[in-house]
Amino acid sequence: MSIFCPFCLVEHELEGDKRNECKKGDKINTLPQTYIKAVQRGAAVYPIAVIGYTGCGKTTYLSSFIYALYHKLPREWFSILVLNQQTIDKIEKDYIPFLRRGNFPPQTARFFEEPLILKLTIPEKKLNVIKSKREVILVIYDTKGGNYDSVDTIKDNFPLIKLIPNLVLLADLYSMCTETIEISADMKLHSLANKLTLALDELDAPMKKKNLIVCFTKTDKFWDMKGAKEDFGPLSHSPLEPKSDLKSYGKEEIYKASEAIQVFIKEKYNNFFEVIDEHYGGYCFVASSNIGCCQVNDTGSTFCGEYSPLGVVDPLLWLLNI
């Protein structure tokens, strides 16, 4: 039997003493037995890459995503199992402690990090499925923002992106609008999507089999901004808290919010939208805030107030199509 390998993203044959090992260069990774058994039971595997320019908040987003899975979602939605020690260490040493202290986690230093591997179990009563429970395995890849500076850096530093079907593109529209002088936000957004698409084409990636979720980060910057509704449309108000029924929140609220953002993007940033609409098989637009209504200090390294991330799990719920 073959199994999808989360480390090299190809199928491995489960044969012999080395059946659960993946060798990349001089490094050997071990496929967790819990992962292997879950996949053999029919668990669905969702490889996801979180991408975006340096400073858009990728590592903070992932930290808040993990936090939200544990602390923000209704407890009956999912049960969580972390499938390897590396992911446990990442969560307990690099992600959550920083947030608990009111610090932003440090930016990703390496071009490519080992993936986070988690299993979510969704009870039958929350889904229209035959099985008593639905198991979903998330394999999440974090990469350095500098990977996306050019077509060549994407190709050279992250060629595995060709094999990852689900891309979460983080876009810090606030910084693009307020900190960019020579280049407009329209050009910045378009350039990011343009470079990503060209790199995937040159890697001969199956574009129409890829999902692209555009997640606008740091939207809390717009919530109290004068004239924000006119300039930033549906991004100017906070995302909803996920307190409703799982199926209702996933289907109704996320799709409704995505459609509203899409109308805004088509009007204000049409070049960006057209690249996405033409090249990707599925796409969605999400507004999020990694920290909620907290106040960021002058250095940008710490924050204070009520830490309450919003919208960070919406890309996952859209992908699961619950």
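Is Thr87 buried or exposed, and what is its relative accessible area? Thr87 is buried, because its relative accessible area is 1%, which falls under the 20% cut-off for a buried residue.

**View 1. Thr87 and its surroundings in the predicted model.**
The structure shown in this and the following views is a predicted model, and Thr87 is found in helix 3 of it. When residues up to four places away in sequence are not counted, Thr87 touches Val82, Pro115, Leu116, Ile117 and Leu118.

**View 2. The whole protein, as a setting for the close-ups.**
The protein has 322 residues, of which 53% count as buried, and its secondary structure comes to 11 helices and 13 strands. Among contacts between residues at least 6 apart in sequence, 72% join residues that are at least 24 apart. The mean pLDDT of the protein is 83, with 85% of its residues reaching 70 or more. Confidence is highest in strand 10 (residues 211-216), at a mean of 96, whereas it is lowest in strand 12 (residues 295-296), at a mean of 70.

**View 3. The largest nonpolar core, seen around Phe272.**
In soluble globular proteins, nonpolar side chains tend to be buried together. The largest nonpolar core of this model has 62 residues, and those with the most contacts inside it are Tyr35, Phe216 and Phe272. Helix 6 (residues 185-202) gives the most to this core, with 7 residues. Apart from this core lies another one, of 43 residues, among them Ala68, Ile91, Val313 and Leu316. Leaving aside neighbours within four places in sequence, Phe272 is in contact with Leu169, Leu189, His190, Ala193, Val214, Phe216, Ile265 and Phe285.

**View 4. Tyr35, a residue of the largest core.**
Tyr35, which is among the residues with the most contacts inside the largest nonpolar core, is found in helix 1 (residues 33-40). Its relative accessibility is 0%, and therefore Tyr35 counts as buried. Not counting residues up to four places away in sequence, Tyr35 touches Ile3, Phe4, Pro6, Val45, Leu83, Ile117 and Ile137.

**View 5. The crossing of helix 2 and helix 3.**
The axes of helix 2 (residues 58-71) and helix 3 (residues 85-100) come within 10 Å and cross at roughly 85°. Helix 2 is therefore roughly perpendicular to helix 3, because angles from 65 to 115 degrees are counted in that way. On the side of helix 2 the contact is made by Thr59, Leu62, Ser63, Ser64, Ile66, Tyr67 and His71, and on the side of helix 3 by Ile91, Tyr95, Ile96, Leu99 and Arg100. The residues of this contact divide into 7 nonpolar, 4 polar and 1 charged.

**View 6. Thr60 in helix 2.**
Thr60 has its place in helix 2, and it is buried, with a relative accessible area of 9%. Leaving aside its neighbours within four places in sequence, Thr60 is in contact with Phe104, Pro105 and Asn290.

**View 7. Ser258 in helix 9.**
Ser258 is found in helix 9 (residues 246-268), where it is buried, with a relative accessible area of 8%. Once its neighbours within four places in sequence are left aside, Ser258 is in contact with Cys284 and Phe285. Ser258 and Val214 are 44 residues apart in sequence, and the distance between them in space, from C-alpha to C-alpha, is 9.6 Å.

Most residues other than glycine have a negative phi. Leu9, however, has a phi near 60°, a positive value in a residue other than glycine, and Asp204 has a positive phi of about 60° although it is not a glycine. Leu9 lies in the loop between strand 1 (2-4) and strand 2 (11-13), whereas Asp204 is found in the loop between helix 6 and strand 10. Leu9 is buried, with a relative accessible area of 6%, while Asp204, at 60% relative accessibility, counts as exposed.

Notes:
Residues numbered from 1 in each chain as written. Predicted model: local features only at pLDDT ≥ 70, side-chain atom pairs only at ≥ 80, totals over all residues. Heavy atoms only, no water. Core = buried A, V, L, I, M, F, W, Y, C linked by side-chain atoms within 4.5 Å. Buried < 20%, exposed > 50% of the residue type's maximum accessible area, 1.4 Å probe, protein only. Helix = DSSP H or I, 4+ residues; strand = E, 2+ residues; numbered from the N terminus. Contact = heavy atoms within 4.5 Å. Axes fitted to C-alpha atoms, helices over the stretch in contact; angles between N-to-C directions. Parallel < 35°, antiparallel > 145°, perpendicular 65-115°, else oblique. Nonpolar A, V, L, I, M, F, W, Y, C, P; charged D, E, K, R; others polar. pLDDT = per-residue confidence, 0-100.
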